[in-house]
Amino acid sequence: MKSILQKIKNMKYRHKLTLLLVLVSLVPMMTIALYGHVRMSRLVRENEMEDMHSILEQTRENIDSQVQVYTGLINYLTYSPDIEDIISEKNMDNYLAYEKYTEVVDPLLTVPKSYHDAILQIQLFAESIKVRHGYTLIPFKEIKEEWWEKQIRDEVSVQWMINVEKKEIAAVRKIYKNQKQEAVLCITLDYDKVFRPFLNIIMEEFGGVITDEQGKILCFMGNEAQNEEETKAGDLLKDIKKNYAYVSSESKENGWNYYLYKSHARISEAVFRVLLSEVPLIVCCVAGTVFLGIYFSRLFTRKIEELTENMNRVNNGSREVTVFSDSEDEVGLLIRSFRSMMGEINRLIHEVYENRIALKEFELKALTAQINPHFLYNTLSVINWMALKAGHKKISEVTLALSTFYRTALSKGEDMVTVENCIQNIEAYLQIQLVMHDNDFKVDWEIDPSIKKEIVPKLILQPVVENALEHGLDMKEGGNKLLKLYFIKDKSDILFVVEDNGLGMEQGQADSLIMYQTSGYGLKNVNDRICLLYGETYRIKIYSEIGKGTRVEMRIPRGGAECEKSKQKDMEKSCSMDRGI
């Protein structure tokens, strides 16, 4: 979380403003879009349920209209005089009975089949019928053979019963005379044809159930693994009510309950289609918001960025102000204040520069006069000649080494020298130190010839080598004393390494060596100088361990000569601008 906040803090002001404008616009827009989507989803769900209910009601009414027709037909036949005659005449002659059955009753019970294809048969069971006549007139005692006989209740009204296995529907009515049951009239209907309107609406996405007043399943169509035989009505209805979106309707004709259900996933698909239709609009709104946010943020921060760029140029040495604003807002006031401040700075530089530069030139000449290299070299040459004349070869070697050391150290007043010059300076210094230490340590060199012409700051190695001798090897008692120096190429850098096998120190103490100022020209001065020239990434690194020694690494970017020339040109340009003010 802290890293994210830090990244936001480090973002450009324009990007922060863009982010703010986009968020301020998107939050209410997305809130409205979300609210609209929720409302639309709710309406879609309600419409889905309303459509299901409308379909179910139309289907129920269609089946009820059939039920009314067949109820009306059975009531008509019940009160038909011909049927009443058949039921009343119990002692009718067999011939007359057959003639009446054939000429009167058969047409009455068979003609409705030609008008209603769902009717399978119409049967009359009566005490007065002694011999079965086809399938229409049956003796009352044979009623026990019918599948619906045990289900029929002691009622006068038409009773509807269904045999799912036989795919039959029976509309049955008991006929009483003087409060005594005399006959039963039954119309047997085709199950599929009666329920065809209901079965037609059961598609892949729908399921449907019809139950009677007791909850028994009369018709069931769905894509579940269950079927009518394996399913208990109570469990099935519980499952439907729990896991599906459903509508129900009750028939007033026969008390049947109709259920039409649909999976929530199917309804969600409809909602998802609505969401997909909204996506292009949302994407366009988001794109427009982002575009306007970027446009307005650039418009608002353009002058601030120009001011920042102008200030960076001033920080790099240029004192030319190019930004301008005539607006009366805070940004305009800031720009005018900056221009006024830079004008005052230029005026002060103009007043002070000439006197100060003259003073610096005088001090430089005085310092140069104090160190006359020619006088020093001539003196060392005389000492060398006198040593050779007296036969003191060792004195001659030390004198030559000292001469080389100062020649390479002074380097004709140049601040930057070649790696080769730096190596010569250290060689001369170590030659003198070996004489002073009576050769009690060894020096191991590793030099990459390809870097000898690279340009580096002078006098950066001598303080490091001096520290390695004074605080490393000199403090070690006994054992081999070894000083290693590496001048090698490492990718795009030149790597200088000074390593000793002295007493060493704790890593914390080693890290603090470049943090504190010591007397003389120490490690901190060398580190500060390198950082000023090349940046903080090139600071000195020190690795040390007690009893094993210390390793100091210095990196200088390759191509230092071009960098130095570029800096000198910038300084000359700056000075010329200052003089022209």
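**Close-up views of a predicted model**

View 1. The model is a predicted one. A disulfide is a covalent bond between the sulfur atoms of two cysteines. Two cysteines can be picked out here. Cysteine 186 is buried, with a relative accessible area of 0%. Cysteine 422 is buried too, at 6% relative accessibility.

View 2. Helix H12 covers residues 419-436. How far apart should its ends be? At 1.5 Å a residue, its 18 residues should span 26 Å. Just after H12 comes aspartate 438, with a positive phi of about 60°.

**View 3. Histidine 133 in its loop.** Where does histidine 133 lie? It is in the loop between strand S1 (119-126) and strand S2 (137-139). Is histidine 133 buried or exposed? Its relative accessible area is 12%, under the 20% limit, so it counts as buried. Leaving aside residues up to four places away in sequence, histidine 133 touches Tyr98, Tyr101, Thr102 and Asp106.

**View 4. The hairpin of S6 and S7.** Strand S6 (residues 206-211) pairs with S7 in the antiparallel sense, over 4 bridges. Threonine 211 stands opposite isoleucine 217 in S7. The two strands form a hairpin with 5 residues between them. In the turn, glycine 215 has a positive phi of about 90°.

**View 5. The four-stranded antiparallel sheet.** S6 and S7 belong to an open sheet of 4 strands, in the order S7-S6-S9-S8. The pairing is antiparallel. Which strands stand at the edges? They are S7 and strand S8 (244-250). Each has a single partner strand, so one side of each is left without a neighbour in the sheet. Neighbouring strands are turned by 15° against each other on average, direction ignored. S8 pairs with strand S9 (residues 257-263) in the antiparallel sense, and 7 bridges join them. In this pair, serine 249 stands opposite tyrosine 258 in S9.

**View 6. Two helices on that sheet.** Helix H2 (residues 13-78) packs on the sheet and touches S6, S8 and S9. The direction of H2 makes about 35° with that of S8. Helix H8 (residues 264-315) lies across S8 and S9. H8 runs at about 55° to S9.

**View 7. The five-stranded mixed sheet.** Another open sheet has 5 strands in the order S11-S13-S14-S16-S15, with mixed pairing. Its edge strands are strand S11 (442-447) and strand S15 (541-545), each pairing on one side only. The twist from one strand to the next averages 10°. Strand S13 (residues 482-490) and strand S14 (residues 493-500) run antiparallel, joined by 8 bridges. Aspartate 490 stands opposite aspartate 493 in S14. Helix H15 (residues 523-534) packs on this sheet, touching S15 and strand S16 (549-557). The direction of H15 makes about 25° with that of S16.

Technical notes:
Residues numbered from 1 in each chain as written. Predicted model: local features only at pLDDT ≥ 70, side-chain atom pairs only at ≥ 80, totals over all residues. Heavy atoms only, no water. Pairing = 2+ DSSP bridges. Buried < 20%, exposed > 50% of the residue type's maximum accessible area, 1.4 Å probe, protein only. Contact = heavy atoms within 4.5 Å. Axes fitted to C-alpha atoms, helices over the stretch in contact; angles between N-to-C directions. Expected span 1.5 Å × (residues − 1).
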